[in-house]
Amino acid sequence: MKSETRYDVKTAIPMIMIVFISSATMIGSFNIIAPQLAADFHIEASITSLLGMIAMLALGVASVIYATLSDYVSIKKLMLAGILLLNLGALLSLLAGSQNYYLLLASTAVMIGGGTCGSGLFIITATRYLPEEEHSKYFGFNAACVNASFALGILLGGFFATYIGWKFLFMVPLVSLLTIPSLMRNLPDKSEQKKGKLDLTGLGLLALFTLLISIYLNIGGLIYLVGSALTMVLFFLHITICKSAFISIHFFKNRNYIIAVLLAGLALGIQSAFSFLFSFMAQTVHEIPLNQVSLIILPSYVIAIISGANSGKIVNRLGAVKTLCAMTAFLIAVLGLCAVTLDKSPFVLGIFCCLFAGGCSMIYAPFMTIVVSTLKPSEIGAGIGFFNLMTSIGPSILIVLTGKMMSMKIMTRPLPIVTGTTSLYANILFVLAMMYFVILCVLLLMKNNYHFEKGES
């Protein structure tokens with residue numbers, strides 16, 4: 001019976017991956033269709049960034065909700081509810097959303113919130129129902145799904161916006177309906193706990209904090225920063241006092257867990273910062289038209305998909321900490337070499353883009369392996385949910401910091417090995433490399449705390 005359960009879950013996981021990709025592809029396409037949205041709705045280009053911000057907010061909060069509910073609601077029921085919300089939001093975006101931009105924002109939030117069931121429950125399903133020795137493999141598949149979604153988002157966003165019409169892009173999530181029969185047949189209909197209650201107050205405070213900090217990072221304003229700080233104080237008071245809070249204050253006393261989450265958020269944030277910076281480097285240094293930048297980026301996603309899908313094998317062989325240290329050192333070298341050869345040719349820039357994407361795709365599986373190792377079985381749901389939220393906020397912070405560095409005069413100062421107009425981007429790349437160096441140092445200091453695998457030494 002036990003082997004049948006594992007077999008059934010293995011059959012269901014590709015279906016969860018389809019739901020994951022069909023939802024995340026939409027997020028990847030929003031930046032591509034943004035210029036057309038600005039033209040069709042007669043709004044400023046800066047307003048179109050709200051679509052991506054709302055989508056990431058919905059993703060982060062929904063991740064926590066699904067993960068928390070998975071402790072006392074079966075994953076089968078949560079997947080069904082999520083798929084239905086995903087398609088309801090997609091249809092609303094297709095019909096009503098095309099008439100009003102703010103209706104589009106609301107319907108997109110419903111769509112992404114529903115579709116997050118795929119990304120939010122993928123890791124939990126693998127962790128709970130598959131053998132421990134296979135976990136790293138599926139953590140790698142998760143990274144592959146993320147990169148496949150970004151690649152499809154670029155391709156489909158450009159195709160629909162150019163040839164069919166951006167609103168018909170919202171038909172893409174409908175493919176997730178095809179997964180329902182398999183998911184209903186192969187996912188176990190049981191929960192870890194018999195009783196539970198959704199902590200609306202805690203989740204509301206966390207959602208408000210995420211919204212306020214996202215607004216501050218995107219448009220500034222001291223009031224949003226102060227508001228986010230006060231909200232975070234109220235959140236910590238709530239989870240300290242309330243016994244039924246969705247996440248216990250114990251999580252924040254678990255030093256190994258918190259450090260792993262912070263390092264992962266920073267590492268994935270640097271990845272997003274490089275992606276943000278790349279189009280500026282391509283346009284400014286090599287004068288590549290924006291519509292051709294995607295042609296350089298797409299091969300990097302292919303490399304990332306392949307490396308992510310195989311990262312679990314590396315983790316099983318070397319161990320999570322060794323894999324992370326090796327990949328972090330590799331990424332430091334890639335960023336450093338990219339900085340000093342930035343002006344050589346677009347081909348060289350494209351090569352480093354591929355190397356960087358491949359290296360970044362290798363770090364998700366070991367980070368997730370470490371995070372799961374610091375949690376008790378009863379903490380997996382909330383722990384992974386909070387991890388997903390922090391790794392959603394991290395990229396937003398690093399993108400904004402990168403944008404601010406681009407406007408700082410000190411970043412334009414030439415170094416002995418880099419001069420001319422490339423100095424700005426080279427200096428930023430060196431700063432990002434230094435951030436990875438900090439991650440590497442912390443990993444080396446913490447390696448004994450994460451000593452849990454046969455492969456570790």
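This is a predicted model: local features need pLDDT of at least 70, side-chain atom pairs count only at pLDDT 80 or more; totals for chains, interfaces and linings use all residues.
The largest nonpolar core comprises 144 residues, of which M79, Y257, F278, M281, F356 and Y436 touch the most other members. The greatest contribution to this core comes from helix α10 (residues 255–286), which supplies 17 residues. F278, one of the core residues that touch the most other members, is in contact with V293, I296, I297, L349 and C353 when residues up to four places away in sequence are not counted.

Two helix pairs were examined for their packing geometry. Two packed helices are described by the angle between their axes and the distance between the axes. For α10 and helix α13 (residues 346–361), the axes lie 11 Å apart and the packing angle is about 175 degrees; because angles over 145 degrees count as roughly antiparallel, α10 and α13 are assigned to that class. On the α10 side, the contact is made by I270, Q271, F274, F278, M281, A282 and H286, which meet P346, L349, C353, F356 and C360 of α13. By class, this contact of α10 with α13 contains 10 nonpolar and 2 polar residues, and no charged residues.

The second pair consists of α4 (residues 101–129) and helix α5 (residues 135–164), whose axes come within 9 Å of each other and cross at roughly 170 degrees, so that α4 and α5 are likewise roughly antiparallel to each other. Here S119, F122, I123, A126 and T127 of α4 meet H135, Y138, F139, F141 and N142 of α5. The contact of α4 with α5 has 6 nonpolar and 4 polar residues, again with no charged residues.

Within α4, T125 has a relative accessible area of 0% and is therefore buried. A polar atom of the T125 side chain lies 2.6 Å from the backbone oxygen of L121, while the contacts of T125 beyond four places in sequence are with V9, I13, I16, I75, L130 and L187.

I219, which belongs to helix α7 (residues 200–219), counts as exposed because its relative accessibility is 63%, where the cut-off for exposure is over 50%. The C-alpha atom of I219 is separated by 42 Å from that of G319, a residue 100 positions apart from I219 along the chain. H42 lies in the loop between α1 (2–41) and α2 (45–69) and, with a relative accessibility of 72%, is likewise exposed. Most residues other than glycine have a negative phi. In H42, by contrast, phi is near 55 degrees, a positive value in a residue other than glycine.

Methods
Residues are numbered from 1 along each chain as its sequence is written. Side-chain values use heavy atoms; hydrogens and water are left out. Helices (H or I, at least four residues) and strands (E, at least two) are DSSP runs, numbered from the N terminus. Buried means under 20% relative accessible area, exposed over 50%, partly exposed in between (1.4 Å probe, protein chains only). A polar contact is a pair of N or O atoms within 3.5 Å; within protein, one must be able to donate a hydrogen and the other to accept it, and residues adjacent in sequence count only if both atoms are side-chain atoms. Contact means heavy atoms within 4.5 Å. A nonpolar core is a set of buried Ala, Val, Leu, Ile, Met, Phe, Trp, Tyr and Cys residues joined through side-chain atoms within 4.5 Å. Axes are lines fitted to C-alpha atoms, for helices over the stretch in contact, and angles run from 0 to 180 degrees between N-to-C directions. Angles under 35 degrees count as roughly parallel, over 145 as roughly antiparallel, 65 to 115 as roughly perpendicular and the rest as oblique. Ala, Val, Leu, Ile, Met, Phe, Trp, Tyr, Cys and Pro count as nonpolar, Asp, Glu, Lys and Arg as charged, and the others, Gly among them, as polar.
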